[in-house]
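Work through the exercises below with the sequence and the model in view. Each task is followed by a solution in steps.

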Amino acid sequence: MEATVVKTGTEDKTWGGGNQPLKASYGKMMMWFFIVSDALTFSGFLAAYGFSRFKFVDAWPIADEVFTHFPFLHGVEAPMYYVAFMTFILIFSSVTMVLAVDAGHKMKQNKVILYLFLTIIGGLIFLGSQAWEWATFIKGDYGAIETKGGQIIQFLDKDGERVAIRDFAALNDGDRIPQTRENGLWFAEDTEYLPTVSFEQVKAGFLANDNLLVRVQHKDEHDRHIVLSREESIAKVVNDGQMVVEGANLRHNEYGHPLFANFFFFITGFHGFHVATGVLINIIIFFNVILGTYERRNSYEMVEKVGLYWHFVDLVWVFVFTFFYLV
């Protein structure tokens, strides 16, 4: 009994109803399905970030004032320079991935090896840079005071320059001992978070230094943080001050609203996980290329599939960079 071939009437189109829609293999179609679903996930995260920023727009940190560090340039204000460098590295790695895919189409094994190696190096540099940025963000630079209402107040001199709390906090002779079950009311304080100076030390140093002012996290009509007068600053610290905050974590954030730190860790961390996964897959493909696996198959489609994933990761970072750092 002969098999009956059913025609769809679209045989002369790109997809004639066969088993290769859009002339793409099953593997590439599944990669596209994954990319679309993952793009929706990132879209949800960025939308949540946008809604939260809009709700707390008057208290949201300014990225140019947060990401001002550059490795080996201590004390030099370089707003967004290092983030821009990270972005350039990742985009450049996308270029080398394109060249690797093109070399695979031409069955040039040595060039595939070279460009895949450069792509892996770019990914590792980006991951290392992100780890450094996380460490710097967590550690903090200046410190701040958190009020009883959960607001963040920062310290400036009369020239408008930020001042680190450790530079003016009053010193005492006693050692600070964190509360534990054995030596005190361990449940009364956040004992997991112990800054280098106490609130009383910061308050005493602030009152003794007439050159210091307070900047609150709320902004004026020019989108600048409001700086209080000396008298208002003293009243704010004495009446509302509660605890010292250094750096950022999931509960406290010296830069401003705690949600800013939460979104930073979650969105950049989730993207970093994707980059790390891409680097790992690239390394596996890299060694397969060296071993001649794809030469024997007479196809470098695996390089093309991982290239699709890598370009997606790069594109996502462009959106993260735009919405989180620039807008």
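**Exercise 1: a helix pair**

The axes of H1 and H8 come within 10 Å of each other and cross at roughly 165°. Axes here are lines fitted to C-alpha atoms, for helices over the stretch in contact, with angles from 0 to 180 degrees between N-to-C directions. Helices (H or I, at least four residues) and strands (E, at least two) are DSSP runs numbered from the N terminus. This is a predicted model, in which local features need pLDDT of at least 70 and side-chain atom pairs count only at pLDDT 80 or more, while totals for chains, interfaces and linings use all residues. Residues are numbered from 1 along each chain as its sequence is written, and side-chain values use heavy atoms, with hydrogens and water left out.

Task: state how H1 is oriented relative to H8 and list the residues in contact.

Solution. 
- Step 1. Angles under 35 degrees count as roughly parallel, over 145 as roughly antiparallel, 65 to 115 as roughly perpendicular, and the rest as oblique. The crossing angle therefore makes H1 roughly antiparallel to H8.
- Step 2. Contact means heavy atoms within 4.5 Å. H1 contributes Asp38, Thr41, Phe42, Phe45, Leu46, Ala48, Tyr49 and Ser52, and H8 contributes Leu259, Phe263, Phe266, Ile267, Phe270, His271 and His274.

**Exercise 2: two residues**

Task: decide whether Ser52 is buried or exposed, and find what His69 touches.

Solution. 
- Step 1. Buried means under 20% relative accessible area, exposed over 50%, and partly exposed in between (1.4 Å probe, protein chains only).
- Step 2. Ser52 belongs to helix H1. Its relative accessibility is 15%, so Ser52 counts as buried.
- Step 3. Leaving aside neighbours within four places in sequence, Ser52 is in contact with Trp60, Leu259 and Phe263.
- Step 4. His69 sits in the loop between H2 and H3. With a relative accessible area of 24%, His69 is partly exposed.
- Step 5. Not counting residues up to four places away in sequence, His69 touches Ala78, Tyr82, Trp132, Thr136 and Asp141.
- Step 6. Val83 is 14 residues from His69 along the chain, and their C-alpha atoms are separated by 9.4 Å.

**Exercise 3: the cores**

Solution. 
- Step 1. A nonpolar core is a set of buried Ala, Val, Leu, Ile, Met, Phe, Trp, Tyr and Cys residues joined through side-chain atoms within 4.5 Å.
- Step 2. The largest has 51 residues, and Phe67, Phe137, Trp317, Phe324 and Tyr325 have the most contacts inside it.
- Step 3. Two or more residues come from each of H1 (26-55), H2 (63-66), H3 (81-105), H4 (109-139), H8 (258-290) and H10 (301-326).
- Step 4. A second, separate core of 17 residues includes Ile145, Phe155, Ile165 and Leu212.
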